[in-house]
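Hi,

Here is the structure I said I would pass on.

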Amino acid sequence: MFDIRSLFVVMVATDLVLAASLWIGTGRRLEGGLGPWALSLVAQAAAFILFAARGEVPDWASIVVANGLLGVSLSLAAAAILAFRGRRLPIVVHVATGGAAAFAVGALLHDFGARLIAANFLFAACMATLAALAWKPVEGVSRATRGLFIGSYMLGAASLLLRAAVPIFSPAAIGGFLVSSAVQALTLMAGYTVILVSTVSFLLMQKERADYLAQQLASLDPLTQAFNRRTFMELAQKQLSRARRLDTPLSLVLLDLDHFKSVNDNHGHLVGDRVLRRFADAMRNQLRKEDVLVRYGGEEFCLLLPDVPGPGAVALAGRIRKAVAREPFVVDGVEIHLTVSAGVAARIDEGPEGLDNLIARADEALYIAKRRGRNRVAAVSLGRTRAA
């Protein structure tokens, strides 16, 4: 059997080392939930110190205060999970959780069996709640990492329920709090595993999301959240190679807001930026999930449409043109009427075609639309595509 005091000492040391590592490793910038997480580890360490000091300090400290601190530790972990998701946990929840844990064991101070049942059921419910808070997917975080985090708390909840079941089904097996037993050793080892696995997986979740956001910043236009031109070239090459390999259609649409310079000249660049964002949103409303929206430059945008033949791309561009012409952009109470011109090109089935040629044909079609009076859709070479 393990020495119970020694296990508590190891858990205290682990909590404090992890909390200090978070504080030092992040340059004391504990953001995205890392602050509450570090405080949770410290509160947990304080509770374990009091647990290990049972018999050396008054019972109100080693039982009531210790369980209250453990409740606060779990509520701080909940705050960390919510902060990671961009939400806040009211301070009153920490007070309520710690107070409920302290009251539950304080009311049963002289009944070890009942106190064991109440405390372990309460903390098992808290751990199950933490697992539930982490259940919803987060953009950029893998299912495996999130599953590891959830699994750690499900393990903790299961071990606490096992510990609560002992006085219910085998009252004779109840010993003192620091008496070594198989159940005591198993639950404390499970608790130690929860500390390590939950902290490591929480850090992995932080890293995965940070990597995802960095990739988003590198690939998206910050104003419209459309893909930037560099990313478009990479995606378009892949889609074009796929279309050749599977012999499927692929279309490209270039769109340009007509006389957009007058918006900036008459209303200012801030208003112009808001109009561009509204235009990007208007296009998104017409697109499928697999379609690619790109800010090609200035007020010019590009649509990459996998598995869409030329006529389908012309119809889509027409819907966007009508939507822009029909509804003015309202910015700060000012109605701004605009139109859009579009040029469409589709992949030619006969022989290989490079991306540069496809873009050049769409650009030629856009030039034709502008030359013919704007507010229209033009297409080039659609008659050579199989779908046409």
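In which strand is the place of Val 340? Val 340 sits in strand 6, which covers residues 340-346. Bear in mind as you read on that this is a predicted model.

I'll stay with Val 340 for a moment. With a relative accessibility of 1%, Val 340 falls under the 20% cut-off, so it counts as buried. Across the sequence, Val 340 and Asp 256 are 84 residues apart, yet their C-alpha atoms are 5.6 Å from each other in space. Leaving aside residues up to four places away in sequence, Val 340 touches Leu 255, Asp 256, Leu 257 and Asp 258, and also Phe 279, Ile 320, Arg 321, Val 324, Asn 375 and Arg 376.

Asp 258 is in the loop that runs between strand 1 (250-257) and helix 9 (260-267). Is Asp 258 buried or exposed? At 2% relative accessibility, Asp 258 is counted as buried. Its side chain makes a polar contact with the side chain of Thr 339, at 2.6 Å. If you leave out residues up to four places away in sequence, the residues that Asp 258 touches are Leu 338, Thr 339, Val 340, Ser 341, Lys 370, Arg 374 and Asn 375.

Next in that loop between strand 1 and helix 9 comes His 259. His 259 is not a glycine, but has a positive phi of about 55°. His 259 has 54% relative accessibility and counts as exposed.

There is another positive phi to look at, on Asp 307: about 65°, and again the residue is not a glycine. You'll find Asp 307 in the loop between strand 3 (300-306) and helix 11 (310-326). Its relative accessibility of 35% makes Asp 307 partly exposed.

Back in strand 1, have a look at Ser 251. Ser 251 is buried, with a relative accessible area of 0%. What does the side chain of Ser 251 reach at 3.3 Å? The backbone oxygen of Pro 309 is the atom in question. Not counting residues up to four places away in sequence, Ser 251 touches Leu 303, Leu 304, Leu 305, Val 308, Pro 309, Gly 310, Ala 313, Ala 345 and Ala 346.

Now for the whole chain. The protein has 12 helices and seven strands. Its radius of gyration is 31 Å, well over the 21 Å that the globule rule gives for 388 residues, so the protein is more spread out than a compact globule. Along the principal axes, the C-alpha atoms fill a box of roughly 90 × 50 × 35 Å. Buried residues account for 46% of the 388. Taking the contacts between residues at least 6 apart in sequence, 71% join residues at least 24 apart.

Cheers

Terms used
Residues are numbered from 1 along each chain as its sequence is written. This is a predicted model: local features need pLDDT of at least 70, side-chain atom pairs count only at pLDDT 80 or more; totals for chains, interfaces and linings use all residues. Side-chain values use heavy atoms; hydrogens and water are left out. Helices (H or I, at least four residues) and strands (E, at least two) are DSSP runs, numbered from the N terminus. The radius of gyration is taken over C-alpha atoms; the globule rule is 2.2 Å times the number of residues to the power 0.38. Buried means under 20% relative accessible area, exposed over 50%, partly exposed in between (1.4 Å probe, protein chains only). Contact means heavy atoms within 4.5 Å. A polar contact is a pair of N or O atoms within 3.5 Å; within protein, one must be able to donate a hydrogen and the other to accept it, and residues adjacent in sequence count only if both atoms are side-chain atoms.
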